[in-house]
Amino acid sequence: MTRMVLSGNAAQAHAARLARVQVVAAYPITPQTTIVETLADFAAAGELAAQYIKVESEHSALQVVVSAAGLGARTYTATSSQGLLLMHELLHWASGMRAPIVMGVVNRAVAPPWNIAVDHTDTVAQRDTGWIQFYAESNQEVLDTVLEAYRLAEDPAVRLPAMVTEDAFYLSHTVEPVDVPSSEEADRFLPPRDARAILVPGTATRLGSFTGPDHYVEFRREVARAMERVPETFASVEEEYRRVTGRDHGGPLPLYRVEDADTVLVTMGTATTTARGVVDDLRAQGLKVGLAKLRLFRPFPVEAIRSLGAMVDRIGVMDRSFTFGAAGAAATETAAALYGSPHRPTLSGFLAGIGGRDVTPGEVTRMYRALLDDRASDVRWMDLEPTGGIVHG
Amino acid sequence: MDRTERTMIEIRFHGRGGQGAVVASELLAQAAFLDGKESQSFPFFGVERRGAPVTAFARIDDRPIRLRTSIDAPGVVVVLDPGLLRTTPVTEGIRSGGLLLVNTAADPASLPAPAGVRRAAVDATRIAVAHGLGSVTTPIVNTAVLGALAAATGVVGRTALEAAVDRFVPAFHAENRAAVDDGFAAVRFAPADAPAPAPVVPVPAALPPWPEGPVASIPSRALRTAAWRTLTPVVHTERCTRCNFCWKFCPDDAIGFDAEGYPVIRLDYCKGCGICATECPPKTIEMVAVAEAPA
C-alpha cells in the first residue's frame, strides 16, 4: 500500500490498473477525460497491459467493451453527462448480454443549458438500464469501490455491469490523500476473470439475437434475479475487501450517528462529507440527528432503508438531480421502499446542489432544522434560497 | 458551527486559464501532504477558455478534511494576474487578519483590500520570465507565487514545495525550483499601518438577475464577460475608414457603431480575442493590455 495525493479521476485509473483490465475503450468528455488520459499514460509506460482502443463516440466506446466482455475480457471505460446519455441504448445491451463491465462515470449536469458541474441527473436517468450503480463520497471510496465492483459484477450470481460514479470537480478534480493498494494486495482480492466466456471465436453462438414472446420474459427475469442477488453478494465482496486491505465503506447504506437519532438525512455523493460535520455540530447542541449515505442506488437498498425507517421519526432525502413531473429520484425510491414497511417515518425531499451549486454546511443545517421543525415542505428547492457565496467567473 | 477556524487553512487562488492557478493549488496540496498534513485542492472552471478567470481552492489541516464546498471565507487569497483586481471581486469574503498575495511589480501598499487584511506582493512574472517558464507574453508564474506564499504564510515548507515540483511538475524541474526560491526571497509586505485602497467595484461577471417567467434565452450581451479579457481593443478612429470589417469579423456581437458610423467596442462584453485588430485593413485597432487600457 502507498499513500498518494490523487484526484478522483486518477483514483479511477489506478483502480482499473490494479484490476489488470484487458480492454479500455476511450473517448473524451469533460470532466472525465483525465481518467482515460491517465490510463493511456499507464499503458504507454507498460504499467497496464491492456488493449487501449480509441473510438469515435461514447456509443462506440460502450459497444467495444460489451463485445470484449462477451469474449471474456475484463473491461473498463468512463464517461460523463451527455456521453452517458449517448450510451443509453448500449447500456441496455450491456446488462441484457450480461457483460460485467465496470464503468467510471463523472456526474455532470445535463444540457441545456450547457454546464460542466456536478449533478446526478445523468446517472439517475439510467436507473432502469440494468446497471448496478454506486455513488462515492471520497477519492478513497472511488478507488476501493471500482475494485469491489469488478468482483461483484463478475460474480456468477450477478454477472451484470456496474457504474461507479463520482461528483464532477468535487471529486473528479479534487486531489486528496488516498491509500493505493499494492498490485499483490489487489491480485489477492481480485483474481483474473473466469475465462469461460459466452462467445468463443470459431464457434457459432448467438448472444442478444431475436427472441420472441416465447422466451423474452425469461431473459428479463434472469436479469431481475441477478439484481436481487446484489446485496447479499456485495456483502461478501466487501467483507473480502476488508480482509485484504483493512478497509470497507459500510455496505449499500452506511449510517453515521443514527444511534438514538430521531431525524436522519439521506445523501448521495460528496454532500455526505459536509453533512457529517453538520451532524457533529448539531449533536453537540443536543439534537438527535444522524446521516445515511445512499451508496448503492441500483439495486435500491430497500431492506436497509426499511431498517432505518424503523429506528427514526423523520427522514429527509437530498437529491442532487430532478425528475420532471415527479419529485427527486432518491426521495421517491425511499418512499416506495418505506410504503411496504409497518414503520413509516415522516418523509421529506430536498433538492440541492443542482448543476454544481455548493451544498454548504449552512444549507445542510437548514435541511436538518426544517426537518426538526416539521416544515420541510417549505424549503424543497434549497438552491433557490440566497446563499451569498462568491461569484465565479 | 465554524469548523474552519480551528486548524484548517483555506486558500483561494485567482488566475486565468493557462497561467497555472489550478496546478499551483494542486502543488500546494501535494507539498502540504509531504509536510505530513491533510490536504485538499480543487478547481472551479467557469468557462473552459484560455485567459478566462479561473478559481482554485486548497485546504490544509492537521486532521482529515470534511468540507466539500467552495471556499467563500478564505484566510489567504492568491492572485496570479493583477488585471483580475480590476474585474473580479478577489477579496470577497476574505477573513479579517487574512492575507492577500498578488503577483505584481507594484508596491503592495497600493493593493486594494478590505480593512484588516495583510497585503503582500511578489513579481512572479519577472521571476518566471527570468527562468524561461512559459513565454514572455504568457509566463507560467505558479511556482514563483508558491515560493512567495510559503515565505509569507509558512503554510508549507520550501523543501516540501521543491520536492512537490520534482515529483509532480512534468518538466523544467530546476527552473521551477529556482522560481520557488526566488519567489520565497522576493515577497514584499505592505506596512501594517499603510491605508489600503478599497477594492474596486468589479465589472459584473455573473448573470443578470434571473428574469421571472418562462424564459429560455438570454441576450448574449447581457452576459458580462469583460473579465475574460487580457487585451483590450482600442480604436484609433483618425485612421478608420468605416469599412465595417471589424463588425463583420467579430465572432460575438461585441462591436456597435456611433452616430457617425465609427466602431464602438462593447467593453462590458468584449472578450479581447483580437480578431478585429487582425482583420482591420488599415490597422486602426490596437490590442492593449487590460492594465494599461484607458478605463
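Biologist: In which loop of chain A is Pro299(A) found?

Modeller: The model before us is a predicted one. In it, Pro299(A) belongs to the loop between β12 (296-298) and α12 (302-309) of chain A. A cis peptide bond joins Arg298(A) to Pro299(A), and its omega is about -5°.

Biologist: Where is the cis peptide bond from Ala111(A) to Pro112(A) placed, and what is its omega?

Modeller: Its omega is near -5°. Pro112(A) sits in the loop between β5 (102-107) and α6 (121-124) of chain A.

Biologist: Among contacts in chain A between residues at least 6 apart in sequence, what percentage join residues at least 24 apart?

Modeller: The figure is 80%.

Biologist: Why is Ser81(A) called buried?

Modeller: A residue is buried if 20 or more other C-beta atoms lie within 10 Å of its own. Ser81(A) has 27 within that distance, so Ser81(A) is buried. Ser81(A) lies in helix α4 (residues 81-86) of chain A. Its phi is near 45°, a positive value in a residue other than glycine.

Biologist: How do you know that Arg98(A) is buried?

Modeller: The cut-off of 20 applies again. Arg98(A) has 21 other C-beta atoms within 10 Å and is therefore buried. Arg98(A) is not a glycine, yet its phi is positive, at about 55°. Its place is in the loop between α5 (88-96) and β5 of chain A.

Biologist: Let us turn to chain B. Why is Gly17(B) called partly exposed?

Modeller: A residue is exposed at 12 or fewer C-beta atoms, buried at 20 or more, and partly exposed in between. Gly17(B) has 18 other C-beta atoms within 10 Å, so Gly17(B) is partly exposed. Gly17(B) lies in the loop between β1 (9-16) and α1 of chain B.

Biologist: Leaving aside its neighbours within four places in sequence, which residues is Gly17(B) in contact with?

Modeller: They are Arg49(B), Arg50(B), Gly51(B), Ala52(B) and Val54(B). Arg49(B) is 32 residues from Gly17(B) along the chain, and the C-alpha atoms of these two residues are separated by 6.2 Å.

Biologist: What describes two packed helices?

Modeller: Two packed helices are described by the angle and the distance between their axes. In chain B, the axes of helix α1 (residues 21-34) and helix α4 (residues 158-168) come within 8 Å and cross at roughly 120°.

Biologist: Which residues make the contact, and how are they divided by class?

Modeller: From α1(B) come Leu27(B), Gln30(B), Ala31(B) and Leu34(B). From α4(B) come Ala160(B), Leu161(B), Ala163(B), Ala164(B), Val165(B) and Phe168(B). By class, the contact has 9 nonpolar, 1 polar and no charged residues.

Notes: Residues numbered from 1 in each chain as written. Chains lettered and ligands numbered in written order. Predicted model: local features only at pLDDT ≥ 70, side-chain atom pairs only at ≥ 80, totals over all residues. Contact = placed C-beta atoms within 7 Å. Axes fitted to C-alpha atoms, helices over the stretch in contact; angles between N-to-C directions. Helix = DSSP H or I, 4+ residues; strand = E, 2+ residues; numbered from the N terminus. Nonpolar A, V, L, I, M, F, W, Y, C, P; charged D, E, K, R; others polar.
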